[in-house]
Amino acid sequence: MNKKVAIVGLGFSGFGTTTPDLSYREMIFEAATRCYEDAGGIHPQAIDSFVASSEDFMEGISIADEYVPDQLGAVLKPVHSITGDSLQGLASAMMQIKTGQQNIVAASAFSKVSNLSHHEHLVSYATDPVYIRPFNENPYFIAGLEMNRYLHETGTTRDQCAKVVLKNRYNALKNPGACYGARLELEDVTGAPALSYPLGIYDMSGHLDGAIVVLLASEERARELTDKPVWIKGIGWATDTPNLDSRIEGMGSAVYAKLASQQAYRMADINNPFNEIDFAEIDDTFSYKELQHLEALNLCGPGEAGRLLELGCFSPDGDIPVNVSGGSLGAGYLHEANGLQRLMEVILQLRGEAGPRQLLDVETGLAFAWRGVPTATGAAAVISTRP
Amino acid sequence: MEDTIKVAGGTGLTADDIKSGKIFLTEDSLDCAYAWDTGVAVNRYLAELKQGKIIATRCKKCKRTMLPPRLFCELCFIPCSNWQYVQDTGIVNTFSICHVHWDATRIGKDEKPHLPAVIEIDGASEGMGIMHLLGEVDPEEIKIGMQVKAVWKPEAERTGSIIDIKYFKPL
């Protein structure tokens, strides 16, 4: 069970707010082709197993996992889907290698959210039919409740949340895969129309279409396939109770992020994440989420994230650059592929392939994803250049 | 069916108990609308159906003529852009006779059963074809291996859909 697991291939297709030129199959085929080429041109026949992350409701097909094999080259191979964020899928793929069951495993996820007429409906159907749905609210009120409680408990300010938006959308200007890059002023965000108080429309990330495929391998196979492996040092995931009104640490806290990262840090032998993590790509589906998650991930103390953000601690030239890619606010939100999107930037940075936004001297990065409203599920992965 | 379901040791429920609100329940209906991007392969397939033609793609490596057409061969894992028209005739690979509607209600005495069938299309590789319906045939006379031909909707009624072909009838 102590086998080391490397990421040996990365491929993507997209990204765009709409992608009418390709079907989801064709989009994933493009991402998979790039991924396998990145891993030395491996043919999928030589890949042992495949894991996809998806949510049937998003795709409009019951048992969408049955539609996975063709575009990954996974026909007649072990295939399964994880109904969860793609970092949970990554964990599943990793375990297949750690147990010795498989040597080379592909993990994939995609978003075709532009094909949904009313995404809010689907988010509503994720809420409890007896306790929540009868109120008939736009589901993002839940984010408003969380944000309000988080600000109340920590003393974080509305402006500090807005500054997350400024940072991430500005960072996105250096990322060709980001669709929401912009140079905004504070008043643009704080003066924007309200969504669900205290949340304004700019505090929420926009939708994105795209596909991402990564290839994992055991240490010995990794050395054969690539000379630029990065290593999954630790991974963790956790889910709080679904009851919005009685979460274990209340709505102001992201306890799922705390528990998921503790599991990942323990596995990666990280005792002081602030000193040992060089940069992080973490969920910022909503502006306050980046700050709330930073605290839960123990990258700063409780209530400190907003102040440290203002000091530039999380800027590209700060102590721990956070969401150099632009995050979801700057790049766009990829739904169940959110985790692989965060991971993709970590891989590019560690390989030194991040172009104009390349960070200097980075060895260890953290990817963290949240499953979005109304969930209390998160997954974290510690990735390093050293095995 | 009896109005009351008798349960040993319990209290029977009637439809009226539910309608009159004696039983607590929460009703909800889902409203999901999708408009899937067809992409390159499906788009061309549907556009050709609208013209009354069936088109396939051919893999240059394994030489399969694939139907429905796809932009990549899922076995060889290479792109396929070699388009090829096939016939609108074929043979019945397998079929069934539907004695119930989609919601499991039984069809009426004078109602004709739907006859879903897999048609291996002439010109496509062996084992490749179209899932469709049979028509203008007595269910008792359908045989696996039977030759059939597409019956198309009139051109003005075609929309670029798999049901631009009404059904396949014996040749």
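How many residues does the contact take from chain A, and how many from chain B?

Modeller: The model is a predicted one, and the values below are computed from it. The contact takes 34 residues from chain A, while chain B gives 23 residues. Between chain A and chain B, an area of about 2,200 Å² is buried; carbon and sulfur atoms give 61% of that area. On the side of chain A, the residues that lose the most area to chain B are E26(A), F29(A) and N115(A). Together, these three residues account for 27% of what the chain A side buries.

The chain that carries this side of the contact may be described next. Chain A contains 15 helices and eleven strands. Its C-alpha atoms fill a box of roughly 55 × 45 × 40 Å along the principal axes. The radius of gyration of chain A is 19 Å, which agrees with a compact globule, because a globule of 387 residues would have a value near 21 Å. Of the 387 residues in chain A, 62% are buried, that is, under 20% relative accessible area. Among contacts in chain A between residues at least 6 apart in sequence, 76% join residues at least 24 apart.

How values were computed:
Residues are numbered from 1 along each chain as its sequence is written. Chains are lettered from A and ligands numbered from 1 in the order in which they are written. This is a predicted model: local features need pLDDT of at least 70, side-chain atom pairs count only at pLDDT 80 or more; totals for chains, interfaces and linings use all residues. Side-chain values use heavy atoms; hydrogens and water are left out. Helices (H or I, at least four residues) and strands (E, at least two) are DSSP runs, numbered from the N terminus. The radius of gyration is taken over C-alpha atoms; the globule rule is 2.2 Å times the number of residues to the power 0.38. Buried means under 20% relative accessible area, exposed over 50%, partly exposed in between (1.4 Å probe, protein chains only). Contact means heavy atoms within 4.5 Å. Buried area is the accessible area (1.4 Å probe) that two parts lose on being put together, summed over both.
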